[in-house]
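Please read these notes with the model open beside them. They go point by point through the fold and its packing.

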Amino acid sequence: MEKVINSYECLFIVDVTVGDEATNATVNKFMSLVEANAEVVDVAKWGKRRLAYPINDMPEGYYVVVTFKSAPEFPSEMDRLFNIDETIMRSMIVKLDYDAAEKKAAKLAAAEEATAAEASAEAEATDAE
């Protein structure tokens, strides 16, 4: 039987009132958890941002978005660990309908083509002068 691997996107917000070291420790803890149990496709550390509404009377949080591929059991375990950790203000894990790695590869290929097209256009403009 073939092992099922799905793509997921996870957003979590870390409490910044505990200090920079504790915030970074929490982010690193969950990043190492994802790296140990899944294939990381993309990580976006948005940093300290103002919340849309106060959560537990706190106006700011540290945002991290991780896209990864894993077995279906891992996201539920990760969600359980998010709920246990007191420095996590909010978290959300979403199963993606598409393969995240393929979409990222296509996006990088399109960006390379656009860069190559710009370079050739600049070369033609230089030759014309």
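Is N6 buried or exposed, and what is its relative accessible area? N6 is buried, at 16%; buried means under 20% relative accessible area, exposed over 50% and partly exposed in between, with a 1.4 Å probe and protein chains only.

1. Basis. This is a predicted model, in which local features need pLDDT of at least 70 and side-chain atom pairs count only at pLDDT 80 or more, while totals for chains, interfaces and linings use all residues. Residues are numbered from 1 along each chain as its sequence is written, and side-chain values use heavy atoms, with hydrogens and water left out.

2. Surroundings of N6. This residue lies in strand β1; strands (E, at least two residues) and helices (H or I, at least four) are DSSP runs numbered from the N terminus. The side chain of N6 makes a polar contact with the side chain of Y8, at 3.3 Å. A polar contact is a pair of N or O atoms within 3.5 Å; within protein, one must be able to donate a hydrogen and the other to accept it, and residues adjacent in sequence count only if both atoms are side-chain atoms. Leaving aside residues up to four places away in sequence, N6 touches F68, K69, S70, P72 and K95, where contact means heavy atoms within 4.5 Å.

3. The sheet. Four strands in the order β2-β3-β1-β4 make an open sheet with antiparallel pairing; two strands pair if DSSP finds at least two bridges between them. The edges are β2 (39-55) and β4 (88-95), each with a single partner strand, so one side of each has no neighbour in the sheet. From one strand to the next the twist averages 15°.

4. Eleven bridges join β2 to β3 (residues 58-70) in the antiparallel sense.

5. The helices. Helix α1 (residues 20-37) lies across β1 (6-15), β2, β3 and β4, and runs at about 15° to β3. Helix α2 (residues 73-84) lies across β1, β3 and β4, at about 170° to β4. Axes are lines fitted to C-alpha atoms, for helices over the stretch in contact, and angles run from 0 to 180 degrees between N-to-C directions.

6. Aromatic pairs. The structure holds six; rings of Phe, Tyr and Trp (its six-membered ring) pair if their centres lie within 6.5 Å, with planes under 30 degrees apart counted as stacked, over 60 as edge-to-face and the rest as tilted. F12 and F82 form a tilted pair, 5.2 Å centre to centre with 35° between the planes. F12 is in strand β1 and F82 in helix α2, so this pair ties together parts 70 residues apart in sequence. Both F12 and F82 are buried. The ring centres of F30 and F82 are 4.6 Å apart and their planes lie at 40°, so that pair is tilted. Here F30 in helix α1 is linked to F82 in helix α2, 52 residues apart. Elsewhere, Y8, F68 and F74 form one aromatic cluster.

7. Nonpolar cores. A nonpolar core is a set of buried Ala, Val, Leu, Ile, Met, Phe, Trp, Tyr and Cys residues joined through side-chain atoms within 4.5 Å. The largest has 18 residues, of which F12 and F68 touch the most other members. At least two residues of this core come from each of β1, α1, β3 and α2. Apart from this core lies another, of six residues, including I13, L51, M58 and Y63.
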